[in-house]
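Subject: Structure handover

Dear colleague,

Here is the structure I said I would pass on. My notes on it follow below.

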Amino acid sequence: MASKPTCLVCQKEMVRGFMTDIGHTIHTPRWCEGEPQHRTLTGAATHMQYREGLPVIAYRCPECEALRLYAPSAE
């Protein structure tokens, strides 16, 4: 993952953020700028799956609004 990803369409620097997770509801996930303030276990994942899973980092292009998702093995 590049330290400052650029949009594949616009070539603009992308803004770092994250996707929300609200579990078993019909709501659409939302992109939020910055770092999450806390992490909670929601949805159908077991505690082990959650611990072994990777956090997703989402970058958003301010120009065309495209998202690029990364799941780095170490932050």
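To begin inside the sheet, G17 stands opposite E33 in β2. G17 also stands opposite A58, a residue of β3. Element names here follow DSSP runs numbered from the N terminus, with helices being H or I runs of at least four residues and strands being E runs of at least two.

Before the rest, some conventions. This is a predicted model, in which local features need pLDDT of at least 70 and side-chain atom pairs count only at pLDDT 80 or more, while totals for chains, interfaces and linings use all residues. Residues are numbered from 1 along each chain as its sequence is written, and side-chain values use heavy atoms, with hydrogens and water left out.

Overall layout

The chain holds one helix and four strands, and from the N terminus on these elements run β-β-α-β-β. Of the 75 residues in the chain, 15% are buried; buried means under 20% relative accessible area, exposed means over 50%, and partly exposed is in between (1.4 Å probe, protein chains only). The chain exposes about 5900 Å², of which carbon and sulfur atoms supply 53%. Accessible areas come from the Shrake-Rupley method with a 1.4 Å probe, and for residues only the protein chains shown count as cover. Taking contacts between residues at least 6 apart in sequence, 42% join residues at least 24 apart, where contact means heavy atoms within 4.5 Å.

The sheet

Four strands form an open sheet in the order β2-β1-β3-β4, with antiparallel pairing. Because β2 and β4 stand at the edges with a single partner strand each, one side of each is left without a neighbour in the sheet. Neighbouring strands are turned by 40 degrees against each other on average, direction ignored; for such angles, axes are lines fitted to C-alpha atoms (for helices over the stretch in contact), and angles run from 0 to 180 degrees between N-to-C directions.

Two strands count as paired if DSSP finds at least two bridges between them. Strand β1 (residues 15-19) pairs with β2 over three bridges in the antiparallel sense, and F18 has C32 in β2 as its bridge partner. On β3 (residues 57-60), β1 likewise pairs antiparallel over three bridges.

G34 is found in the loop between β2 (31-33) and α1 (47-52). With a relative accessible area of 26%, G34 is partly exposed. Its contacts, leaving aside neighbours within four places in sequence, are R16, G17 and F18. The C-alpha atoms of G34 and V15 are separated by 8.2 Å, although these residues are 19 apart along the chain.

R60 and E65

R60 lies in strand β3 and is partly exposed, with a relative accessible area of 25%. Leaving aside neighbours within four places in sequence, R60 is in contact with M14, V15, W31, E65, A66 and L67. R60 and C7 are 53 residues apart in sequence and 8.1 Å apart in space, C-alpha to C-alpha.

Which residue meets the side chain of R60 in a salt bridge? The partner is E65, at 3.5 Å, N to O. A salt bridge here is a side-chain nitrogen of Lys or Arg within 4 Å of a carboxyl oxygen of Asp or Glu, and by this rule the count comes to one. E65 is found in the loop between β3 and β4 and is exposed, with a relative accessible area of 52%.

Positive phi values

Most residues other than glycine have a negative phi. E65 has a phi near 70 degrees, a positive value in a residue other than glycine. Q11, also not a glycine, has a positive phi of about 65 degrees. Q11 lies in the segment before β1 and is exposed, with a relative accessible area of 54%.

Surface patch

V56, L67 and L69 form a nonpolar patch on the surface, with about 270 Å² of accessible area together. Patches are made of residues with over 30% relative accessible area and no salt bridge; like charges are joined within 9 Å, and nonpolar side chains (Val, Leu, Ile, Met, Phe, Trp, Tyr) within 5 Å. L67 is found in strand β4 (residues 67-70), and at 40% relative accessibility L67 counts as partly exposed.

Regards
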